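Please keep the sequence and the structure in view while reading.

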Amino acid sequence: MIRIMGDLILDGRVLLPHLALDCPPGRWTALMGPSGVGKSTLGRIVAGLPVAARLAGTVDVAGPVTLMGQQDQLLPWADALANVTIGARLRGQAPDRARSRALLADLGLAGLETRRPAQLSGGQRQRMALARTLIEDRPVVVLDEPFSALDAATRAQMQDLAARHLAGRTVILITHDPLEAARLCHAAFLLDARGTRPLPLPATPTPRALDDPQVLAAQTALFRSLMPCAA
Ligand SMILES: Nc1ncnc2c1ncn2[C@@H]1O[C@H](COP(=O)(O)OP(=O)(O)OP(=O)(O)O)[C@@H](O)[C@H]1O
């Protein structure tokens with residue numbers, strides 16, 4: 001469970017008023033809204049990372065968190081195996097190379113374990129970053145626009161991989177993509193200067209098919225809600 005209550009304040013100005021976000025355990029919740037409104041900031045607060053803003057309120061998170069961002073933040077001088085196991089090595093623990101290899105293979109990167117990030121495509125780097133997120137095996141995961149830089153086909157493939165590997169985790173997905181939210185999430189919130197508003201999503205199991213009529217209808221409804229003139 002993740003619960004965020006209060007006002008998000010930056011430089012004395014309220015960015016997000018009256019936050020009332022409940023993200024149920026084992027479910028995926030999308031955070032959507034205009035650029036600069038504070039979505040990534042909230043994600044970082046949930047992950048316990050430093051932010052420029054201040055939350056005048058409370059954040060409750062049940063369990064350790066890992067965050068995957070838009071930039072892959074891979075170490076350029078380290079190979080795939082070393083990048084995936086960086087968390088353990090930073091904590092002074094022995095890296096689980098077998099699990100790392102298995103994850104890389106499951107994400108379609110078998111044979112590329114000794115490649116450095118510059119020797120991989122954008123989609124392969126994001127899969128490497130996903131493997132680094134998954135090996136942490138945390139019950140709570142923040143995905144901050146993790147697939148937004150990818151082409152449409154690779155993005156859909158990454159969505160399926162993430163959904164399969166993170167099924168049953170408590171996930172916050174920060175996204176600008178209505179189709180992504182409609183495919184992957186159980187609940188969605190629109191965050192803007194007026195506050196927090198729930199957005200409708202299908203009640204069917206996830207990940208939902210790209211051509212599922214309910215997904216396409218939800219995509220359109222979400223898109224309309226995100227338009228600046230939406231009521
Ligand atoms: N390190 C920082 N120092 C000062 N202000 C910052 C810093 N990082 C972000 N901000 C400001 O905080 C506000 C919220 O930023 P945040 O990245 O959370 O927005 P966002 O909703 O995720 O935007 P986007 O959808 O464009 O990624 C913005 O006004 C941004 O300019």
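## A pair of strands to begin with

In which sense do strand β8 and strand β9 pair, and over how many bridges? In this predicted model, strand β8, which covers residues 187-192, pairs with strand β9, which covers residues 195-199, in the antiparallel sense, and 5 bridges link the two.

## The chain as a whole

The chain contains 8 helices and 9 strands. Its radius of gyration is 18 Å, close to the 17 Å that the globule rule gives for 231 residues, and therefore the chain is as compact as a globular protein of that length. Taken along the principal axes, the box filled by the C-alpha atoms is roughly 50 × 40 × 30 Å.

Of the 231 residues, 38% count as buried. Among the contacts with a separation of 6 or more, 66% are made by residues 24 or more positions apart. The UniProt record, an unreviewed entry, places the feature "domain: ABC transporter" at residues 1-218. In the model, this span is 32% helix and 27% strand, and its end C-alpha atoms lie 24 Å apart.

## Strand β1 and its two partners

Strand β1, formed by residues 2-10, runs antiparallel to β2, and 8 bridges join them. One of the paired positions is Ile4, whose bridge partner in β2 is Leu21. The hairpin of β1 and β2 has 2 residues between the strands, and within this hairpin Asp11 takes a positive phi near 50°.

Strand β1 is also joined by 8 bridges to strand β4, residues 54-61, and these two strands likewise run antiparallel. In this pairing, Ile9 stands opposite Arg54 in β4.

## The surroundings of the ligand

The residues around the ligand include Leu10 and Leu15, the run Ser35, Gly36, Val37, Gly38, Lys39, Ser40 and Thr41, and also Ala52 and Ala53. By type, this shell divides into 5 nonpolar residues, 5 polar residues and 1 charged residue. Helix α1, which covers residues 39-46, contributes the largest share of the shell, namely 3 residues.

Leu15, one of the residues around the ligand, is found in strand β2, which spans residues 13-23. Is Leu15 buried or exposed? Leu15 counts as buried because it has 20 C-beta neighbours inside 10 Å, and 20 or more is the count that the term requires. Leaving aside neighbours within four places in sequence, Leu15 is in contact with Leu8, Ile9, Leu10, Val37, Gly38 and Ala53. Leu15 and Ala98, by contrast, are 83 residues apart in sequence and 45 Å apart in space, C-alpha to C-alpha.

Ala20 is found in strand β2 as well, but Ala20 is partly exposed, because 13 other C-beta atoms lie within 10 Å. Beyond the neighbours within four places in sequence, Ala20 is in contact with Met5 and Thr196. Ala20 and Gly6 are 14 residues apart in sequence, and 7.0 Å separates them in space, C-alpha to C-alpha.

Terms used. Residues are numbered from 1 along each chain as its sequence is written. This is a predicted model: local features need pLDDT of at least 70, side-chain atom pairs count only at pLDDT 80 or more; totals for chains, interfaces and linings use all residues. Helices (H or I, at least four residues) and strands (E, at least two) are DSSP runs, numbered from the N terminus. The radius of gyration is taken over C-alpha atoms; the globule rule is 2.2 Å times the number of residues to the power 0.38. A residue is buried if 20 or more other C-beta atoms lie within 10 Å of its own, exposed if 12 or fewer, and partly exposed in between; C-beta atoms are placed from the backbone. Two residues are in contact if their C-beta atoms, placed from the backbone, lie within 7 Å. A residue is near a molecule or strand if its C-beta atom, placed from the backbone, lies within 6 Å of it. Ala, Val, Leu, Ile, Met, Phe, Trp, Tyr, Cys and Pro count as nonpolar, Asp, Glu, Lys and Arg as charged, and the others, Gly among them, as polar. UniProt positions are given in the numbering used here, feature names are shortened, and annotations may be inferred rather than shown by experiment. Two strands pair if DSSP finds at least two bridges between them.
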